[in-house]
Amino acid sequence: GRIVPRFSELTEAKLGKAGKVREVSFGTTKERMLVIEDCACSNAVTVLIRGGNKMIVDEAHRSLHDAMCVVRNLIKDNRVVYGGGSAEVSCSLAVSAFADTVPGIEQYAIRAFADALDDLPMALAENAGLSPISEVTSIKARQLAEGNPRLGVDCNQIGSNDMKDHLVFETLIGKQQQLQLATQVVKMILKIDDVIMFGGYT
């Protein structure tokens, strides 16, 4: 079948086939929904989200949307990076090494970018009840010594910092978008040469 915008364009060639069409009612308000099942050729799926209140439904909707975005990113590019702050620490080390090759005052801005990358693993360590500074410095030292970019924050306390053992990873596209968006926000803030403080002009 095909989508037909107007009844005047409806022809037999555009009709589809379904094994079962039924109307069901659900909820305390007895709202009705048309269910079409056993279609001959269907690439569409409808997900019905139900919950005790609107907040639970909205949260389930956001979670489902995030999961579908991850699948979409994997379809576009199936490359992944390991999580737990390991990617940020590895990038921080690479940026710091690059700063050593840059002469002039620009290297201070590059080092500041490398320091900013350490904020995410530090936040992860703090939320896990660990010492942020000692945990991140230990991970950075081990990544340099062992040459293992998979080492991250052991939030689950399983005794290993290798995110491959934790099965923690995320899409490469998602990580790239996070870093690019954060960088763009900082660039926009740096373009502002003055800030209006609350009550400054009263």
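**Helix cap and pocket**

Trainee: What caps the N-terminal end of H1?
Mentor: Asn-53 does, with a side-chain oxygen 3.2 Å from the backbone nitrogen of Met-55. Polar contacts here are N or O pairs within 3.5 Å, one able to donate a hydrogen, the other to accept it. The model is predicted, with local features needing pLDDT of at least 70 and side-chain atom pairs 80 or more, while totals for chains, interfaces and linings use all residues. Numbering starts from 1 along each chain, and side-chain values use heavy atoms, without hydrogens or water.

Trainee: How far does H1 reach?
Mentor: H1 covers residues 54-76, 23 residues in total. Its first and last C-alpha are 33 Å apart, close to the 33 Å expected at 1.5 Å a residue. Helices are DSSP runs (H or I, at least four residues).

Trainee: New topic. How much space is in the largest pocket?
Mentor: About 410 Å³.

Trainee: Which residues lie nearest its centre?
Mentor: Phe-113, Ala-116, Leu-117, Ala-182 and Thr-183, out of 16 lining residues. Helices H3 (106-117), H4 (119-127) and H7 (172-191) each give two or more.

Trainee: Which gives the largest share?
Mentor: H7, with seven residues. Lining means an atom within 4 Å of a pocket point; a pocket is an open set on a 1 Å grid where a 1.4 Å probe fits, with protein on both sides within 12 Å along at least five of seven lines.

Key. Expected span 1.5 Å × (residues − 1). Points joined across faces, edges and corners; volume = space filled by probe spheres on them.
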